[in-house]
Amino acid sequence: MALRSLDNTLPISPERPKKTIKVMNSIPVSKPKQPADPKVNNENRVPLDPVGTPAVDSIDYISSEDLKPISDPDVKFKSLMEGLESKDWLKICDSLNDVRRLALYHSEFLLPVLEKVVMVLVKSMKNPRSALCKTSILAASDLFKSFGDKLLESSTSDGALDQMMLQLLLKASQDKKFVCEEAERTLDTMVVSTTPIPLLQKLKVYVSHGNMRVRAKAAVSISRCVTKMEMGEMRDYGLVSLLQTSAELLKDRLPEAREAARGMVLSVYKAVMEDDDNEQEEKWQNFCQVNLSAIDALTMVKLLASQ
């Protein structure tokens with residue numbers, strides 16, 4: 001069989017000519033955008049100040065010592081709630097500072113609307129704007145200084161004070177340092193300015209709070225409250241209740257809560273052993289064994305033995 005000649009191949013088809021794209025004269029050609037005329041008002045643009053830079057809002061935090069009395073408190077009070085309910089956060093801050101001044105120098109004006117004012121503080125503490133939050137915490141501190149136990153009365157404490165106390169504990173537990181520290185100072189002011197027993201009844205519910213940081217901050221306030229109490233006040237409140245609260249906090253995950261609990265145990269021990277110099281160890285051991293579980297009682301005995 002003869003081999004096919006190399007020239008015996010399929011013919012190569014000629015390449016088709018490429019089509020040219022015609023540009024229609026009817027298609028409009030886009031023109032480059034002209035720069036916006038700054039003199040023309042555009043409602044979608046942020047307005048600039050006269051020098052062409054955005055306005056910056058700022059607020060000063062005034063200490064209680066630097067607050068001055070109001071020359072016309074009756075006039076200021078009439079517009080107070082309107083300012084507190086404003087949608088402008090700067091105006092709310094100004095009104096909160098007016099609340100502080102009224103509380104410190106003209107408290108008789110605030111007393112009838114104290115619950116409403118406390119609820120405004122609660123709302124402001126929940127605001128994500130840190131400046132507004134801190135100003136409301138400062139206002140809470142001045143309310144405690146001026147009204148003290150009046151804030152713990154049922155007309156105010158049924159809901160309003162409880163919510164404010166929770167917010168203070170939450171803010172004292174957060175990571176923003178300047179808000180956290182201010183909330184801690186306000187909690188200290190709360191302990192100093194109020195009677196221990198009704199305050200303890202409010203604080204004890206937070207020992208079992210789901211947030212361990214809230215538990216720790218509550219433990220610190222409870223411990224300081226117990227340290228402030230006279231022996232008679234501790235007995236009136238209930239030594240057993242204080243013992244059981246401290247035993248619960250000694251098992252907490254955070255060292256801050258456990259350290260606060262140790263301070264409580266020492267205060268309870270002194271109250272139990274008052275005017276009794278004989279067989280102190282046995283009396284304390286019996287008191288713990290009667291009122292606690294076996295393991296918690298052993299922990300208490302070991303804790304006092306290590307002091």
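Contact here means heavy atoms within 4.5 Å. The model is predicted: local features need pLDDT of at least 70, side-chain atom pairs count only at pLDDT 80 or more, and totals for chains, interfaces and linings use all residues. Residues are numbered from 1 along each chain as its sequence is written, and side-chain values use heavy atoms, with hydrogens and water left out.

**Figure 1. Overview of the chain.** The chain contains 15 helices and 0 strands; helices (H or I, at least four residues) and strands (E, at least two) are DSSP runs, numbered from the N terminus. Of the 307 residues, 41% are buried, where buried means under 20% relative accessible area, exposed over 50%, and partly exposed in between (1.4 Å probe, protein chains only). Among contacts with a separation of 6 or more, 70% are between residues 24 or more positions apart.

**Figure 2. Packing of helix α3 against helix α6.** Helix α3 spans residues 89–105, and helix α6 spans residues 130–147. Their axes lie 9 Å apart at an angle of about 15 degrees; axes are lines fitted to C-alpha atoms, for helices over the stretch in contact, and angles run from 0 to 180 degrees between N-to-C directions. That angle makes α3 roughly parallel to α6 (under 35 degrees counts as roughly parallel, over 145 as roughly antiparallel, 65 to 115 as roughly perpendicular and the rest as oblique). The crossing of α3 and α6 is left-handed, a term used if the near helix is turned anticlockwise from the far one by less than a right angle, with right-handed used if clockwise. On the α3 side the contact is formed by Trp 89, Ile 92, Cys 93, Leu 96, Asn 97, Val 99, Arg 100, Ala 103 and Leu 104. The α6 side contributes Ala 131, Leu 132, Thr 135, Ser 136, Leu 138, Ala 139, Asp 142, Leu 143, Ser 146 and Phe 147. By class, the contact of α3 with α6 has 13 nonpolar, 4 polar and 2 charged residues. Ala, Val, Leu, Ile, Met, Phe, Trp, Tyr, Cys and Pro count as nonpolar, Asp, Glu, Lys and Arg as charged, and the others, Gly among them, as polar.

Figure 3. Ser 136 sits in helix α6 and counts as buried because its relative accessibility is 0%. Leaving aside residues up to four places away in sequence, Ser 136 touches Leu 96, Leu 121, Ser 124 and Met 125.

**Figure 4. Helix α13 with α12.** Helix α12 (residues 239–249) and helix α13 (residues 255–272) have axes that come within 8 Å and cross at roughly 155 degrees. The two helices are therefore roughly antiparallel, and α12 passes α13 in a left-handed crossing. From α12, the contact involves Leu 239, Leu 242, Leu 243, Thr 245, Ser 246 and Leu 249. From α13, it involves Ala 257, Arg 258, Ala 261, Met 264, Val 265, Val 268, Ala 271 and Val 272. The contact of α12 with α13 divides into 11 nonpolar, 2 polar and 1 charged residues.

**Figure 5. Helix α13 with α10.** Helix α10 (residues 212–228) packs against α13 at an angle of about 20 degrees, with the axes 8 Å apart. Helices α10 and α13 are thus roughly parallel to each other, and their crossing is left-handed. Ala 216, Lys 217, Ala 219, Val 220, Ile 222, Ser 223, Val 226 and Thr 227 of α10 meet Glu 256, Ala 257, Ala 260, Gly 263, Met 264 and Ser 267 of α13. The contact of α10 with α13 comprises 8 nonpolar, 4 polar and 2 charged residues.

Figure 6. Thr 186 lies in helix α8 (residues 177–193) and is buried, with a relative accessible area of 0%. Beyond residues up to four places away in sequence, Thr 186 touches Ile 137, Ala 140, Ser 141, Phe 144 and Leu 168. Val 120 belongs to helix α5 (residues 114–126) and, at 13% relative accessibility, counts as buried. With the same exclusion of residues up to four places away in sequence, Val 120 touches Met 81 and Leu 84.

**Figure 7. His 209 in a loop.** His 209 is placed in the loop between α9 (196–203) and α10. Its relative accessibility is 26%, so His 209 counts as partly exposed. Not counting residues up to four places away in sequence, His 209 touches Leu 166, Val 214 and Arg 215.

**Figure 8. Cysteines.** The whole structure has 0 disulfides, a disulfide being a pair of cysteine sulfur atoms within 2.5 Å. Cys 133 is buried, at a relative accessible area of 3%. Cys 288 also counts as buried, at 0% relative accessibility.
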